[in-house]
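Please look over the following notes before we discuss the model.

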Amino acid sequence: MDVADEYGCGERITVNLNEKEYSFPHYSCILGQCGNCDSVDYAAPKFEVTRANDTIRYSKFTSHTQCSIHQGANIQYHDSKPKIRCGVCEDLEDEEKTKAKIVKRLFRTIHTESLLSFIKKRGTYAKELRKMLSHKYRVRLLGRDFKKFTRYEHANRRRNTLKLERDFTERFGPKPNNQAQHEYFQKDESLGIEGITVYFKPKGKEDNETHFIAVMSTEKQQDGNVVYTNTPIMLDDIKEMLDNGAEIFGIVPTPTANLLEILEDTDGCSVQYRCANSLFMVHKLAAELNIVYDRAIDAEGHGKKSIDGYLGSDKTFMEHQFRTNVEYQPEAVNPLRKSVLFSQMEDGRRRDLADLCHEILARAERSNGSVPKVEPKKPRKAAPTKKKTALSRRKYIVRKKGVAKWSKIRMAAIGFPKTKGNGMKFHYNFRFEKALERWFSFRRIPCSCDGCYEKLCEPIETRYTGACNTCVLWKIFEKKDGSGTGLNDWNKAKFEPADDCDDAVYHACKADTLREMGKTWTTQVVEGHVGAYRVDDRRYNNYYLVKWEGEPVMALETEALELGGNTFTVNKGDWYCEGEWLDKLKGVRGWWALTG
């Protein structure tokens with residue numbers, strides 16, 4: 001990729017990180033917003049310029065619009081919305097029309113062009129070099145020496161921080177006994193798995209550990225709604241291993257007790273991790289659990305992680321079990337060859353493939369991170385010292401169909417600049433916390449160097465404002481207009497319902513957020529302790545104090561409660577707890593006492 005450096009102005013800035021020196025162009029060059037790069041462009045060698053009559057034949061991937069059912073032969077363009085339509089679908093009934101979608105597909109296409117046109121200034125070759133220059137240095141900034149290294153350092157230095165990496169594997173379809181005609185069977189059901197590695201310090205341990213959790217389901221949907229559902233499942237599994245256990249959720253941050261922070265790294269799949277809908281679900285989760293959620297996206301095409309190896313070995317293990325490990329084989333007596341009798345029906349009911357795969361994978365021998373080998377291996381040299389990020393535990397969890405329930409929500413992110421190179425896909429870091437209320441923060445490149453880490457430790461009023469001029473990468477991000485701001489400063493955006501969002505679904509989703517927030521705050525209710533809650537009453541400075549009596553209870557149905565001569569309506573799914581109000585003492589500021 002060094003040929004990409006032949007494009008542009010050639011300016012390079014030296015950056016020191018982790019006792020190493022790195023050379024980068026200014027980020028305006030990476031974004032294609034540098035005027036000097038546009039004027040210099042690319043100068044072809046003289047011997048190529050003289051070959052004016054030659055032609056060149058090359059291939060590249062190009063985007064083509066088509067109907068998901070009727071392909072691209074009947075695509076029509078209109079002035080009114082929807083501007084792109086399928087001519088065949090226009091004549092169908094509404095029920096049939098909803099099954100088809102207008103999609104874009106990438107196809108490898110062959111192009112023929114004169115060599116002079118191909119290599120000229122701002123020609124085809126120069127445009128591709130410009131893209132490669134941008135991609136090359138974004139890969140480095142988002143790779144192991146910068147983003148990954150600083151985020152692991154962040155996780156090590158801050159209490160109650162989880163470092164996650166997550167990704168979906170290709171769906172798994174079993175091949176029973178590897179039959180010659182297996183492709184004709186078991187096609188109506190496949191297994192989807194989202195793998196999550198969690199790097200954190202378990203309670204009572206001196207060092208951080210890496211745990212692998214796989215959430216399995218036969219639900220075909222794999223989007224931001226599923227990611228939102230899988231995250232609490234993962235947190236429920238590890239919360240008792242944290243310093244404060246379940247008490248970590250919903251706490252009020254103090255100098256000695258930080259909110260739980262999640263640093264998540266993932267690939268750039270839009271529908272799962274980087275679109276308005278998926279980011280809205282992260283915003284919803286951060287509010288419900290009162291946690292800080294920091295999502296970082298990997299460079300395009302460079303999202304391979306250890307998860308892919310773990311999930312790949314799991315799928316290979318299952319394929320071997322389904323293919324050879326049946327009851328009539330003599331070697332099934334080997335304890336490492338647990339017998340698996342594949343069946344789709346049991347006692348008149350359809351057996352969930354996720355349950356069967358869980359039975360295969362969740363073996364005690366595999367729980368400590370190692371994968372048992374079926375055949376004995378020859379002795380080998382002692383393994384090298386275990387890395388700090390080496391796998392310590394595997395856990396497999398089944399998510400039943402229907403648990404993920406917000407697939408119909410449609411949201412839009414408002415606040416990203418409309419100019420070229422400033423949209424959502426040009427930003428790789430999104431940060432959510434309840435203190436931001438309806439807003440969330442975003443920046444271009446995730447960085448947790450000393451300067452950026454100290455910036456995140458500031459009060460909420462200044463945490464996401466001002467220039468990030470203490471960042472180790474400030475030299476390549478500082479704007480050249482003399483404003484003192486940078487191209488990687490934190491910005492804010494918010495969510496609004498999209499034009500095609502169903503109002504009923506949106507309001508149901510917001511009501512669910514309030515219920516989940518109530519469930520989180522119940523972890524802080526302790527009988528005999530005093531709690532405060534906000535009200536619209538200036539006489540009491542807009543909050544009441546109450547002494548809790550009993551344990552919080554979830555209403556199983558909508559009902560009216562009589563307390564102290566007052567009637568309160570509690571809706572189904574709401575949480576409530578009985579208590580005794582405190583009242584202000586007259587003539588004394590800030591003193592409260594029991595009224596009874």
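How many cavities of 30 Å³ or more does a search of the whole structure find?

1. The search finds three cavities of 30 Å³ or more, a cavity being a set of points, on a 1 Å grid over the protein atoms alone, where a 1.4 Å probe fits but cannot get out. This is a predicted model in which local features need pLDDT of at least 70 and side-chain atom pairs count only at pLDDT 80 or more, while totals for chains, interfaces and linings use all residues. Residues are numbered from 1 along each chain as its sequence is written, and side-chain values use heavy atoms, with hydrogens and water left out.

2. The largest cavity holds about 50 Å³ of space, a volume being the space filled by probe spheres set on the points. It is lined by 13 residues, with Phe 168, Gly 192, Gln 222, Val 226 and Arg 399 closest to its centre; lining residues have an atom within 4 Å of a point. Strand S8 gives the largest share of this lining, three residues.

3. The largest pocket contains about 1,500 Å³, where a pocket is an open set with protein on both sides within 12 Å along at least five of seven lines. Among its 34 lining residues, Tyr 533, Trp 548, Trp 575, Tyr 576 and Cys 577 lie nearest the centre. The elements that give two or more residues to this lining include helix H16 (503–521) and strand S19 (530–534). By class, the lining of the largest pocket divides into 18 nonpolar, nine polar and seven charged residues.

4. For the second largest pocket the volume is about 860 Å³, and of its 30 lining residues Gly 143, Arg 144, Lys 148, Tyr 152 and Glu 165 are the closest to the centre. Helix H7 supplies the largest share of the lining, seven residues. The lining of the second largest pocket comprises nine nonpolar, seven polar and 14 charged residues.

5. Turning to the helices, the axes of H8 (residues 224–238) and H10 (residues 276–289) come within 8 Å and cross at roughly 30°, which makes H8 roughly parallel to H10, a label for angles under 35 degrees. The crossing of H8 and H10 is right-handed. The residues that make the contact (heavy atoms within 4.5 Å) include Tyr 228 and Leu 235 of H8 and Met 281 and Leu 285 of H10. By class, the contact of H8 with H10 has six nonpolar, four polar and two charged residues.

Conventions
Axes are lines fitted to C-alpha atoms, for helices over the stretch in contact, and angles run from 0 to 180 degrees between N-to-C directions. Helices (H or I, at least four residues) and strands (E, at least two) are DSSP runs, numbered from the N terminus. Angles under 35 degrees count as roughly parallel, over 145 as roughly antiparallel, 65 to 115 as roughly perpendicular and the rest as oblique. A crossing is left-handed if the near helix is turned anticlockwise from the far one by less than a right angle, and right-handed if clockwise. Ala, Val, Leu, Ile, Met, Phe, Trp, Tyr, Cys and Pro count as nonpolar, Asp, Glu, Lys and Arg as charged, and the others, Gly among them, as polar.
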